[in-house]
Amino acid sequence: MSTTGVRKTFIFVGAGLHGLLLLGVAFSGCDATIAILFLTLSTATTGASAAGQLAIMIDLAPNFASK
């Protein structure tokens with residue numbers, strides 16, 4: 001996979017899946033166990049988004065570093 005493809009995949013997993021799991025919290029009703037499960041999983045997928053964003057900074061740094 002290309003660098004751009006990996007970056008886009010991590011951003012999608014971090015943001016897209018996070019949003020879908022938060023929708024699951026909204027539709028979980030009054031079941032606290034399911035709501036906590038969805039919140040825990042959505043927080044866990046947020047880390048993938050950070051990995052994608054940190055890779056962007058590393059890729060751009062050599063282009064803008066002074067000599």
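## Buried spots in helix 1

In helix 1, the buried residues are Gly-5, Arg-7, Gly-14, Leu-21 and Gly-24. Buried here means under 20% relative accessible area, exposed means over 50%, and partly exposed is in between (1.4 Å probe, protein chains only). Helices are DSSP runs (H or I, at least four residues), strands are too (E, at least two), and both are numbered from the N terminus.

A quick word on what you're looking at: this is a predicted model, where local features need pLDDT of at least 70 and side-chain atom pairs count only at pLDDT 80 or more, while totals for chains, interfaces and linings use all residues. Residues are numbered from 1 along each chain as its sequence is written, and side-chain values use heavy atoms, with hydrogens and water left out.

## The whole chain

The protein chain has 2 helices and 0 strands. Its radius of gyration is 16 Å, well over the 11 Å that the globule rule gives for 67 residues, so the chain is more spread out than a compact globule. (That radius is taken over C-alpha atoms, and the globule rule is 2.2 Å times the number of residues to the power 0.38.) Along its principal axes, the C-alpha trace spans about 60 × 25 × 15 Å.

Of the 67 residues in the chain, 18% are buried. The accessible surface comes to about 4,900 Å², and carbon and sulfur atoms own 75% of that; areas come from the Shrake-Rupley method with a 1.4 Å probe, and for residues only the protein chains shown count as cover. Take the contacts (heavy atoms within 4.5 Å) between residues at least 6 apart in sequence: 66% of them join residues at least 24 apart.

## Helix 1, end to end

Helix 1 covers residues 3-26, which is 24 residues, and reaches 35 Å from its first C-alpha to its last. That's close to the 34 Å expected at 1.5 Å a residue, where the expected span is 1.5 Å times one less than the number of residues. There is a bend of about 25° at Phe-12, taken as the angle between axes fitted to the seven residues ending there and the seven starting there.

At the N-terminal end, Ser-2 does the capping, with a side-chain oxygen 3.1 Å from the backbone nitrogen of Gly-5.

Arg-7 sits in helix 1 and counts as buried because its relative accessibility is 19%. Setting aside neighbours within four places in sequence, Arg-7 is in contact with Gly-52, Ala-55, Ile-56 and Asp-59. Ile-56 and Ala-26 are 30 residues apart in sequence and 32 Å apart in space, C-alpha to C-alpha.

Ile-11 is also a helix 1 residue, and at 29% relative accessibility it counts as partly exposed. Not counting residues up to four places away in sequence, Ile-11 touches Gly-16, Ser-49, Gly-52 and Gln-53. For the pair Ile-11 and Gly-52, 41 residues apart in sequence, the C-alpha atoms are 5.6 Å apart.

## Ser-42 and others in helix 2

Ser-42 is in helix 2, residues 32-64. With a relative accessible area of 1%, Ser-42 is buried. Its side chain reaches the backbone oxygen of Leu-39 at 2.9 Å. Once residues up to four places away in sequence are left out, Ser-42 touches His-18, Leu-21 and Leu-22; Leu-21 is among the buried residues of helix 1.

Ala-35, another helix 2 residue, is buried at 16% relative accessible area. Leaving aside neighbours within four places in sequence, Ala-35 is in contact with Val-25 and Ser-28. Gly-47 and His-18 lie 29 residues apart in sequence and 9.9 Å apart in space, C-alpha to C-alpha.

Terms used: A polar contact is a pair of N or O atoms within 3.5 Å; within protein, one must be able to donate a hydrogen and the other to accept it, and residues adjacent in sequence count only if both atoms are side-chain atoms.
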